[in-house]
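The sequence and the structure are shown first.

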Amino acid sequence: MSFNDDARLDSGRIKDSRGRGRGTKIAAGGGGIIVLLIAAVLGINPDLLAQLGLGPDAGTEQGTTTNGPAAISECKTGADANARADCRILATTESLDSFWLDYLPKYDVQVQRPGVEVFAGQVGTACGQATSAVGPFYCPADRTAYFDTGFFADLHGSYGADGGPLAEEYVVAHEYGHHIQNTIGTLAASRQGGTGATSGSVRVELQADCLAGMWAGHAVHTKDSNGTTFMEPFSKADLRSALSAAAAVGDDRIQQAATGEVNPEGWTHGSSAQRQAWFLQGYSAGDINQCNTLSAANLDKPGS
């Protein structure tokens, strides 16, 4: 899904901390932060990343420095979002704002915009220190979603998602979905039931996929502050991009790649097929009531 070249972006909407501490490797801050991030991250277990040769150990060495990326402040238009991953995060966030801040009040639910921060290598959060190894994640303690754009290269190059923009936009919409869950009170269910194919964690992650699908179904109607639509109409190829990303980060796909085996007892996010199915459920239904994964009898068949 491409952005309207003329859409106006507010570069102050998200925080850019990529200029701080690049190249330093750190631990992820102890057991508490690891448990939280695995519960909230987009399907990426840091241990599995390490086994796949990804994460911070595969990148910049400790003590080295790199040239910083162009700043978010340079992201001004939809054309910039079509050209740069960080600008795409910004534009997708603003489109998500437009959708959710209009949608939830219809149910008498008031929602505040989440914080969004782009970082590189490591970041400090209210949930503790984290590195790029955990992938994109949402911290409920500071109501902020965190993204290292380097993850998108891994998503395409190492996990098998195609290179379409909606694959990346799906990632942003999924993490924003965790903020919606935090607002409506369903995020806490991730702490129930440990791990496994029907655990609270899996149900929460699949609901976030469904919420991401809801946004995708309405995104073409979201508008900037001037009334210009953010998104161009998207094609079946765009939809396939989102589905390829959902499949790429399924627990079964990641386990198979890392260990050669699939163990549903260790799932925290759901299978590739489940993640695709719940994204499509949100996309086609467009109704938050149809994203009730917490009480779904069969997670393989949304709506059953």
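The text below takes up the aromatic pairs and then the paired strands. The model is predicted.

**Aromatic pairs**

A search of the whole structure gives 8 aromatic pairs. The pair of Tyr103 and Tyr107 is tilted, because the ring planes stand at 45 degrees, with the centres 5.5 Å apart. Tyr103 is buried, at a relative accessible area of 8%, whereas Tyr107 is partly exposed, at 39%. The rings of Tyr170 and Phe279 form an edge-to-face pair, because their planes stand at 80 degrees; a plane angle over 60 degrees counts as edge-to-face. The centres of Tyr170 and Phe279 are 5.7 Å apart. This pair links distant parts of the chain: Tyr170 belongs to helix H6 (residues 165–184) and Phe279 to helix H10 (residues 272–285), 109 residues apart. Tyr170 and Phe279 are both buried.

| Pair | Centre distance | Plane angle | Class |
|---|---|---|---|
| Tyr103 and Tyr107 | 5.5 Å | 45 degrees | tilted |
| Tyr170 and Phe279 | 5.7 Å | 80 degrees | edge-to-face |

Tyr103 and Tyr107 also belong to a cluster: ring pairs link them with Phe99 and Trp100.

**Paired strands**

Strand E2 (residues 115–118) pairs with strand E1 (residues 15–16) in the parallel sense, over 2 bridges. Within this pairing, Glu117 of E2 stands opposite Lys15. E2 also pairs with strand E6 (residues 144–147), in the parallel sense and over 4 bridges. Here Gly115 has Thr144 in E6 as its bridge partner.

Terms used:
Residues are numbered from 1 along each chain as its sequence is written. This is a predicted model: local features need pLDDT of at least 70, side-chain atom pairs count only at pLDDT 80 or more; totals for chains, interfaces and linings use all residues. Side-chain values use heavy atoms; hydrogens and water are left out. Rings of Phe, Tyr and Trp (its six-membered ring) pair if their centres lie within 6.5 Å; planes under 30 degrees apart count as stacked, over 60 as edge-to-face and the rest as tilted. Buried means under 20% relative accessible area, exposed over 50%, partly exposed in between (1.4 Å probe, protein chains only). Two strands pair if DSSP finds at least two bridges between them.
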